[in-house]
Amino acid sequence: MGSQEAQDGAGVLVVAGVPMGNPGDATARLIAALGEADIIAAEDTRRARTLASQLGVELRGRVLSFYDHNEQGRIPQLLDEIAGGARVLLITDAGMPSVSDPGYRLVAAVVEAGHAVTCLPGPSAVTTALALSGLPVERFCFDGFAPRKSGARRTWLAELTTERRACVFFESPHRLAETLADAADVLGPDRRAAVCRELTKTYEEVRRGPLGELAAWAADGVRGEITVVIAGAAAVSTDPTDHLGAVLRRVEAGERLKDACAAVAAETGASKRELYEAALAAR
């Protein structure tokens with residue numbers, strides 16, 4: 001069963017994007033949904049009530065907490081409510097449910113049960129950061145939060161070495177400096193990126209530049225909610241003649257020819273055999 005609006009009298013799950021900080025970003029459909037919902041499943045009930053107050057909405061439905069640690073326990077209750085004809089509105093603290101926030105398990109359960117699910121599009125830190133980055137983002141990947149520990153983080157960054165798509169992710173302000181320093185080391189200090197801070201809020205700031213410069217800037221400390229965009233890797237030629245110089249420099253430094261060819265092939269995607277043959281011909 002695909003996403004759809006419920007028929008009259010039938011229950012439905014409404015997944016809604018909420019403002020990331022500026023209440024003025026609330027859509028007319030969100031405002032209406034807050035007032036019409038029988039149940040509002042909210043990541044933080046206090047924030048949900050504050051948002052409703054800011055928007056001038058009187059909540060007629062029950063407000064239930066729905067966050068990481070009680071999500072599994074709440075799902076059967078919400079399924080029963082929807083089966084009984086309730087209109088359930090799912091919201092998070094900011095942005096869109098299921099995007100590094102609770103929600104996808106409930107959506108999957110509602111779909112599996114054969115009930116209607118619909119979505120009210122709204123603010124998203126991911127697409128907002130991409131739009132503000134000033135980087136080529138026609139193709140991108142979203143990686144949630146960067147790994148907390150340096151070893152895991154560097155392994156993850158290594159996967160981006162040849163990733164042609166831009167990568168967008170969230171980071172804690174307390175770990176931002178370490179993450180950018182690791183990124184500059186693993187991906188190179190010249191790889192371009194953008195750090196977006198406090199999006200849509202009073203002190204919104206976007207820093208754009210090479211990873212080395214951004215790491216130096218963040219070393220003094222950064223506050224607020226952070227979204228980072230790293231540019232995709234530049235295209236690398238696989239023509240062996242384009243990388244012959246790198247092979248010969250390694251050989252001159254003392255490496256065996258086969259080892260030098262293997263190393264350059266691993267870095268560039270060029271054929272090890274063709275590199276070896278080109279090097280022999282050049283010698």
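The dialogue below takes up the annotation, the salt bridges, the cores and the sheets in turn.

Trainee: What should I know about the model before reading any values?
Mentor: The model is predicted, so local features need pLDDT of at least 70 and side-chain atom pairs count only at pLDDT 80 or more, while totals for chains, interfaces and linings use all residues. Residues are numbered from 1 along each chain as its sequence is written, and side-chain values use heavy atoms, with hydrogens and water left out.

Trainee: Where does the record place the feature "domain: Tetrapyrrole methylase"?
Mentor: UniProt, in an unreviewed entry, places that feature at residues 13-215. UniProt positions are given in the numbering used here, feature names are shortened, and annotations may be inferred rather than shown by experiment. In the model, the end C-alpha atoms of residues 13-215 lie 42 Å apart, and the span is 38% helix and 23% strand. Helices (H or I, at least four residues) and strands (E, at least two) are DSSP runs, numbered from the N terminus.

Trainee: Why is the pair of Glu178 and Arg153 called a salt bridge?
Mentor: The term requires a side-chain nitrogen of Lys or Arg within 4 Å of a carboxyl oxygen of Asp or Glu. For Glu178 and Arg153 the N to O distance is 3.6 Å, so the pair qualifies. Glu178 lies in helix H7 (residues 176-187) and Arg153 in helix H6 (residues 150-159), so the pair ties together parts that are 25 residues apart in sequence. By this rule the count comes to 19 salt bridges.

Trainee: What makes Arg153 buried or exposed?
Mentor: Buried means under 20% relative accessible area, exposed over 50%, and partly exposed in between (1.4 Å probe, protein chains only). Arg153 has 1%, so it is buried. Glu178, at 46%, is partly exposed.

Trainee: Which residues of Lys201 and Glu225 count as partly exposed?
Mentor: Both do: Lys201 has 25% relative accessibility and Glu225 has 47%. Through shared partners, salt bridges also join Arg153, Arg154, Glu178, Asp182 and Asp185 into one network.

Trainee: Which residues touch the most other members of the largest nonpolar core?
Mentor: A nonpolar core is a set of buried Ala, Val, Leu, Ile, Met, Phe, Trp, Tyr and Cys residues joined through side-chain atoms within 4.5 Å. In the largest one, of 23 residues, Leu176, Leu180 and Val195 touch the most other members. Two or more residues come from each of H6, strand S7 (166-171), H7, S8, H8 and S10. Apart from this core lies another, of 21 residues, among them Ile40, Val63, Ile91 and Ala116.

Trainee: What does Leu79 contact?
Mentor: Contact means heavy atoms within 4.5 Å. Leaving aside neighbours within four places in sequence, Leu79 is in contact with Ala109, Val110, Ala113 and His115. Leu79 is found in helix H3 (residues 71-83) and, at 18% relative accessibility, counts as buried.

Trainee: What makes S3 and S5 edge strands?
Mentor: Two strands pair if DSSP finds at least two bridges between them. The open sheet has five strands in the order S3-S2-S4-S1-S5, with parallel pairing. Strand S3 (62-65) and strand S5 (116-120) each have a single partner strand, so one side of each is left without a neighbour in the sheet.

Trainee: How do you know that S1 and S5 pair?
Mentor: Five bridges join strand S1 (residues 12-16) to S5, and the rule asks for at least two, so they pair. In S5, Thr118 is the bridge partner of Val14.

Trainee: What is the strand order in the sheet with mixed pairing?
Mentor: That open sheet of five strands has the order S6-S7-S10-S8-S9. Its S6 and S7 pair in the parallel sense over four bridges.
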